[in-house]
Amino acid sequence: MKKIILSAFILILLVYFLPFGFTLSEEREDNPAKEHTVSRVEKSNSSQEKFEQIASKEVKSSENSSDVSEQQENTAEAPIQIAVSVGGAVREMDLETYVAGVTAAEMPASFPEEALKAQAIAARTFAQSRRISGGDDVHPDADVCDDYTHCAAYLDLETQAEEQWGSEAEEWKQKIEEAVRQTSGQIVTYGGEPITAVFHAACGSETESAADVWGADVPYLVSVDSTGDDACPDYTSSVTFGAEEFRQIMLRKYEDINLTGMPETWFTDFTRTDAGNVLRCTVGGVHAKGTTLRSLLGLRSTNFTVSTTETSITFETTGYGHAVGMSQYGAKAMAEQGSTCNEILTHYYTGTEISEITE
């Protein structure tokens, strides 16, 4: 009787517990990673809670990372748009299209590749600075305009390239577009913000500081050495005015000016910057800024000297432009000597770095 009972008990064990053991073994073989993960966690309620919290955070972090990556990808796919006043009419265009147009209009396409890349980055930086600040009162409906005396010149490469370069249009267009493509999204920043990347054609042996030219102390727009500027056409030039012609021009600006007597007595007390440009002088008894005289008389720069006769006044100028920021012919010389576009830009814009557009 005992044997029968024992045999029945063994049979029950085989029927009910053997399949469970097989299933458990099979599950472990199918999910070795699961077992490995759990084995690294201390088996207590407290440890299990911590593990679940960490796992939850990792999942959320992974999900957020995916979202960020997707957002970044979408941002990269959607070109930044900019509003440009061209001939007085506002046009919406891709930022990179605008940069190519400015580079083509502002710098000779024959310049070295690194100089063109530096120009493209400077143009993009200026545009980005204006875009995020919302433009200004001159063109309230546009971020920038095509007036080089206010923003920057612009050339539509799709419609004006042949007019600009003739038979070399396709070659130069491709060269400009390649310089823009290689620097896509790059801007010059100071303290993490895009700078006001002003530039000019050529200066003397040094660029000017913004403080001396515009009265604004800008840390990255200070005087630096510049070489190769004398390669600029008409690096030195002169303009002559008849005595009466000069008198009428000045009277429109300064009603109290006294331009009687001989022209040689009209100019006194010249004050120059360290870079050699005229900061101010006295003309006919009134104090005039060098920048004001340059504007009134259409001079190529404020780096000028004055000579007179009994009937005329001649201004001899050196350089071309306001002399602040990057010198384009200086950039050309640096590129020819092996400097990269980044080295050119960080030389002319003191204390800056090259960054990617983030908005």
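## A buried aromatic pair

Phe111 and Tyr329 are both buried. This is a predicted model. The two ring centres lie 5.1 Å apart with their planes at 80°, so the pair is edge-to-face. Phe111 sits in the loop between α4 (95-106) and α5, while Tyr329 belongs to helix α11 (residues 328-336), so the contact ties together parts 218 residues apart in sequence.

Phe111 also has a charged neighbour. Lys332 lies over the face of its ring, 5.7 Å from the ring centre.

## Other rings

The whole structure holds 10 aromatic pairs. Phe246 and Phe267 have ring centres 5.6 Å apart and planes at 45°, so this pair is tilted. Phe246 counts as buried because its relative accessibility is 0%. Phe267 is buried too, at 11%.

Both residues belong to a cluster joined by ring pairs. Its members are Phe241, Phe246, Trp266, Phe267, Phe304 and Phe315. Elsewhere, the charged end of Arg300 sits over the ring of Tyr320, 3.8 Å from the ring centre.

## Helix α5

Helix α5 covers residues 113-133. From first C-alpha to last, α5 reaches 30 Å, close to the 30 Å expected for its 21 residues. Of these 21 residues, 16 are buried. Just after α5, Gly134 takes a positive phi of about 85°.

## Confidence

The chain averages a pLDDT of 83, and 79% of residues score at least 70. Residues 1-76 stay under 50. That stretch has 10 contacts beyond four places in sequence. Where pLDDT is low, predicted coordinates should not be read in detail.

Methods. Residues numbered from 1 in each chain as written. Predicted model: local features only at pLDDT ≥ 70, side-chain atom pairs only at ≥ 80, totals over all residues. Heavy atoms only, no water. pLDDT = per-residue confidence, 0-100. Contact = heavy atoms within 4.5 Å. Helix = DSSP H or I, 4+ residues; strand = E, 2+ residues; numbered from the N terminus. Expected span 1.5 Å × (residues − 1). Buried < 20%, exposed > 50% of the residue type's maximum accessible area, 1.4 Å probe, protein only. Phe/Tyr/Trp six-rings, centres within 6.5 Å; stacked < 30°, edge-to-face > 60°. Lys NZ or Arg CZ within 6 Å of the ring centre and 35° of its normal.
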